[in-house]
Amino acid sequence: MKKVLVINYSQSGQLHEIINNFLLPFDSSQIERVYIKPVKPFKFPWTSDVFYNTMPECVVEEAVDLEPVSYGSEKYDLIVIGYQPWFLSPSLPVTSLLQDPDFQEKLKGTPVVTIIGGRNMWLNSQESLKAYIQKAGGILVGNIPLMDREPNLISVLTIFHWMLTGKKERKWNLLPLPGVSQNDIESADRFGSIVKEALEKGEFAGLQKKILSLGLIEIPTDIWFIEMKGKKIFRIWAGLIKKKGTTPEKRKFFVTLFKYYLLIALFVASPIILTFYFILIAPFSKRKIQKEKDYFYGVELR
Ligand SMILES: Cc1cc2nc3c(=O)[nH]c(=O)nc-3n(C[C@H](O)[C@H](O)[C@H](O)COP(=O)(O)O)c2cc1C
């Protein structure tokens with residue numbers, strides 16, 4: 001029987017639930033499930049200070065210590081990595097896993113499927129995953145991003161409520177529920193069936209096409225646009241905070257500046273810039289935008 005390693009981290013349990021559903025079509029005896037545990041856990045719910053203070057290390061991908069993992073097999077027929085983006089980068093526990101030599105050894109020569117449970121911005125973090133997997137000699141054959149489908153600013157409000165209270169509930173009893181919708185979480189088994197079929201046949205070529213053919217994965221143009229600018233700006237802030245934040249007081253000062261920058265960029269600047277973009281540029285760049293999106297829908301690294 002083919003052996004599958006499924007490894008992920010989740011704070012709220014959302015990604016565990018997505019993966020549980022994804023795995024329904026599989027024979028449970030072929031699955032080795034591993035949960036990533038940082039030695040110093042990231043507290044959930046977050047405080048606002050800790051939340052923003054985590055950005056620089058996420059963006060520069062600075063590993064944290066993880067509890068050691070003892071793998072049940074030398075080699076797997078498929079590795080499924082579940083992760084969540086943090087600040088347009090892989091979450092720190094997953095960054096740390098990807099930098100771990102033992103895990104890199106498991107990746108070597110092995111087909112890999114990534115499952116992402118995020119808010120709505122996964123393009124940059126997936127580029128990092130692609131690079132880590134390629135560097136370790138793994139073969140990325142599928143990517144299944146599950147996101148919040150609400151408009152960007154609504155999902156910012158709802159996810160903050162969730163992350164800072166720990167409750168996946170309607171903010172002010174008015175806004176939609178945060179995170180990936182229950183419907184999407186429960187539909188993850190549809191992806192599972194496709195991946196299982198590829199695994200049984202030992203044929204992963206064309207898997208990503210089949211995943212996309214379900215029509216459940218979509219990259220909205222505004223999200224693509226924000227992500228392409230956002231990561232470059234985050235890198236500048238991360239560098240600045242790490243360079244200038246040499247004492248706790250100085251670090252706090254620069255992180256607070258970043259926090260206000262981010263809120264203004266999200267709620268004031270981005271709606272204005274996007275309005276201009278959609279009126280003046282997007283109508284004339286349809287082919288370029290589609291080409292870019294097609295790249296991100298795929299599993300290749302450019
Ligand atoms: C510090 C932090 C930063 C985040 N940044 C992003 C992001 O850049 N893009 C995104 O789509 N979601 C982002 N999210 C949402 C997470 O990807 C994820 O959906 C959420 O934390 C729930 O995941 P869980 O299964 O670990 O509970 C962020 C969450 C946290 C806590």
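A residue counts as buried if 20 or more other C-beta atoms lie within 10 Å of its own, as exposed if 12 or fewer do, and as partly exposed in between, with C-beta atoms placed from the backbone. Keep that in mind, everyone, and let's look at the structure together.

Two quick notes. What we have is a predicted model, where local features need pLDDT of at least 70 and side-chain atom pairs count only at pLDDT 80 or more, while totals for chains, interfaces and linings use all residues. Residues are numbered from 1 along each chain as its sequence is written.

When I say helix or strand, I mean a DSSP run, numbered from the N terminus: H or I with at least four residues for helices, E with at least two for strands.

Let's start with strand β6, residues 111-117. How many of the residues of β6 are buried? The count is 7 of the 7, so β6 is largely enclosed by the rest of the structure. In a regular strand, side chains alternate between the two faces of the sheet. In β6 both faces are covered: Pro111, Val113, Ile115 and Gly117 are buried on one side, and Val112, Thr114 and Ile116 are buried on the other.

Now for the neighbours of β6. Strands pair here if DSSP finds at least two bridges between them. Strand β3, residues 78-83, pairs with β6 in the parallel sense over 5 bridges, and Ile79 stands opposite Val112 of β6. Strand β7 also runs parallel to β6, joined by 7 bridges. Val112 has Leu140 as its bridge partner in β7, and Ile116 stands opposite Pro145. β7 itself, residues 139-146, is mostly covered, with 7 of its 8 residues buried.

How does the chain get from β6 to β7? Together with helix α6, residues 123-135, the two strands make a right-handed β-α-β unit. Right-handed means that, with the strands pointing away from the viewer, the path from the first strand over the helix to the second runs clockwise. Helix α6 has 13 residues and reaches 19 Å from its first C-alpha to its last, close to the 18 Å expected at 1.5 Å a residue. That expected span is 1.5 Å times one less than the number of residues. Buried residues of α6 include Leu123, Leu129, Tyr132 and Ile133. After α6 comes Gly137, with a positive phi near 85°.

Next, helix α11, residues 221-244. Its 24 residues should span 34 Å, and its end C-alpha atoms are 35 Å apart, which agrees. α11 also bends by about 30° at Gly230, where the bend is the angle between axes fitted to the seven residues ending there and the seven starting there. Gly230 is among the buried residues of α11, as are Phe234 and Ile241.

On to the ligand. What surrounds the ligand? There are 22 residues, the closest being Ser12, Leu15, Gln84, Gly118 and Arg119; near means a C-beta atom, placed from the backbone, within 6 Å. α1, β4 and α7 each supply at least two residues of this shell.

Finally, some backbone details in the loops. The peptide bond from Phe44 to Pro45 is cis, with omega near 0°, and Pro45 is found in the loop between β2 and α2. Trp172 has a positive phi near 55° although it is not a glycine. Is Trp172 buried or exposed? Trp172 is exposed, with 7 other C-beta atoms within 10 Å.
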